[in-house]
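Take a moment to look over the chains and turn the model around on your screen. Then we can walk through it together, one part at a time.

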Protein chains: 2
Amino acid sequence: MDLSPIAEDYLKTIYHLEDENGRPVRTGDISTALDVTSPTVTSMLDSLDERELVDYTPYKGVELTDRGTETVLQLVRNHRLLETFLMEHLDYSWSAVHDEADCLEHYVSDEFTRRLATFLGEPVTDPHGDLIPDSDLKMPEKSPYTALTEYEPGDTVTVEQVPHRDPDVRDYLSRHRIGPGTQLVVDEVSSIDLVTVVPSTTETSVALPTHVARRIGARVVTK
Amino acid sequence: MDLSPIAEDYLKTIYHLEDENGRPVRTGDISTALDVTSPTVTSMLDSLDERELVDYTPYKGVELTDRGTETVLQLVRNHRLLETFLMEHLDYSWSAVHDEADCLEHYVSDEFTRRLATFLGEPVTDPHGDLIPDSDLKMPEKSPYTALTEYEPGDTVTVEQVPHRDPDVRDYLSRHRIGPGTQLVVDEVSSIDLVTVVPSTTETSVALPTHVARRIGARVVTK
DNA sequence: ATCGAGAGTTAGACTAGTCTAACTATATAT
DNA sequence: ATATATAGTTAGACTAGTCTAACTCTCGAT
């Protein structure tokens, strides 16, 4: 089939919203995420449903079919391999790679991706700690990282996985020198939706809302 | 300015036709090259003229303005650096790189291209022997290769530059094992628009129409 | 000098993706 | 149980890039 980059973006958005929100994906979620109006979303959902890439029930919500998921996984594979290349060989920072990869993922051929994977040594995770689907589009075993919210005050951990798709979150973390490889001490896990950490590089306390801390994966250094 | 990949393709086509035909570029040339109808070309030329990327005189022809040329040179730089990367690091064959680069050239950022050039060691020619514009979009000194048509029967030469944008020409050369680096003996330069050569790898005589031989650049080995 | 073949343009229609305005369904609070 | 705020859909319009059909210009042959 012949899918436009725009249609691919809708599928990707549905995929990530399914993952992040854990509830049925609604028209409004997509229109917010893609910054288009809701009628635009409705008409695209009609067309994707027509092509059996999503199951769309008007007024209820939408989810990806197996075919839709397959399409997205190829894009995710392209994206994460591109990010790996950009960081490891073109010296991009972790916070800068997303936008470039987000564009190119739609245009590289499957052949390109296969060869790039070989060039990179068939990596299983990208530099943000996210898993890279293999050439059969199977996800590797789930990442062994533990969310920052699961640690206790005083634990020292190394950041292995950072959320980076949301520019605001990405820039906040980047500005406070929290990225892949950062070592930090958990300072406080408050009950008012806040986790406070102290990166060893800056020694300055950084506050993180729970919804961000929950998406930061880390490996324990000392308890 | 915000130029669509499609508009960019028209500019590129005009650039290459100016170079190849040496006469004013006409609507029909473009419609043949891009495989669209002539009214489509007319309307795009109106729009490009509007944006001062070309000078278009109805019924007469079209040529690039300085702004149009600059746009194209950035694309040419993107394209040739991408081809270099594909061949040198992803192990593509010289005859396979064009299509991938032709697509990606529209989507890589200037930042990407700058970093890729650094990664590749700031090359001045691509693997087809074509010149790569520098970061200020200046073309390096003209290539020192001599067209195959300029040699005498008996000369032994190494191929340094091959035409590869036309799929038919490219596939013909590739099928007869003539590519960058091929060593061959010029057998006959006939007056009926034909050059015959014998690649040292195959020892089989290959006939080339003049319009192809003229675009093959070579360096002499023995006279 | 003129005529006609062929190249080129104008007119009008179609698609995908977008919008705004108007209308409808859902679901929550009473 | 119902009203109403909010989310969602339908209707209709617009743009870029494409097409076909119809018309017009150019230039070389006479």
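Predicted model: local features only at pLDDT ≥ 70, side-chain atom pairs only at ≥ 80, totals over all residues.

Let's begin with chain A, which is divided into two domains: domain 1 covers residues 5–64, and domain 2 covers residues 146–222. Taken over C-alpha atoms, the centres of these two domains of chain A are 31 Å apart.

Now find the place where the two chains touch. Here 17 residues of chain B are in contact with 17 residues of chain A. Together the chains bury an area of about 1600 Å², and carbon and sulfur atoms give 69% of it. Leu90(B), Tyr107(B) and Arg115(B) supply 35% of the area that chain B buries against chain A, more than any other three residues. What kinds of polar links cross this interface of chain B and chain A? The rule finds eight residue pairs in polar contact there, but zero salt bridges. On the side of chain B that touches chain A, the elements giving two or more residues are H4, H5 and H6 of chain B. H6(B) gives the most, with five residues.

Which of its residues are buried? They are Val97(B), His98(B), Glu100(B), Ala101(B) and Leu104(B). These residues cover an arc of only 170° around the axis, so they sit on the same side of H5(B). They pack against partners from both chains: helices H5 (97–104) and H6 (110–120) of chain A, together with helices H4 (66–88) and H7 (167–175) of chain B.

Salt bridges come next, and over all chains the rule counts 20 of them. In chain B, Glu105(B) and Lys12(B) meet in one, at 2.5 Å from N to O. Glu105(B) lies in the loop between H5 and H6 of chain B, while Lys12(B) is in helix H1 of chain B, so the pair ties together parts that are 93 residues apart in sequence. Both Glu105(B) and Lys12(B) are buried. Another salt bridge joins Arg215(B) to Asp19(B), with the closest N and O atoms 3.9 Å apart. This pair links distant parts of the chain, 196 residues apart: Arg215(B) is in the loop between helix H8 and strand E8 of chain B, and Asp19(B) is in helix H1 of chain B. Arg215(B) counts as partly exposed because its relative accessibility is 36%, and Asp19(B) counts as exposed at 54%. Over in chain A, Lys12(A), Asp102(A) and Glu105(A) are linked in a network of salt bridges.

Let's finish in the loops of chain A. Thr182(A) is in the loop between helix H7 and strand E5 of chain A. Is Thr182(A) buried or exposed? It counts as buried, because its relative accessibility is 12%. Its side chain reaches the backbone nitrogen of Gly179(A) at 2.8 Å and the backbone oxygen of Arg177(A) at 3.4 Å. Asp91(A), in the loop between helix H4 and H5 of chain A, has a phi near 65°, a positive value in a residue other than glycine. Asp91(A) counts as exposed, with 62% relative accessibility. Glu203(A), in the loop between strands E6 and E7 of chain A, also has a positive phi, near 60°, and counts as exposed at 61% relative accessibility.

Terms used. Residues numbered from 1 in each chain as written. Chains lettered and ligands numbered in written order. Heavy atoms only, no water. Domains from an automatic or database assignment. Buried < 20%, exposed > 50% of the residue type's maximum accessible area, 1.4 Å probe, protein only. Helix = DSSP H or I, 4+ residues; strand = E, 2+ residues; numbered from the N terminus. Arc of directions from axis to C-beta. Contact = heavy atoms within 4.5 Å. Buried area = accessible area lost by both parts, 1.4 Å probe. Salt bridge = Lys/Arg side-chain N within 4 Å of Asp/Glu carboxyl O. Polar contact = N/O pair within 3.5 Å; in protein donor to acceptor, adjacent residues only side chain to side chain.
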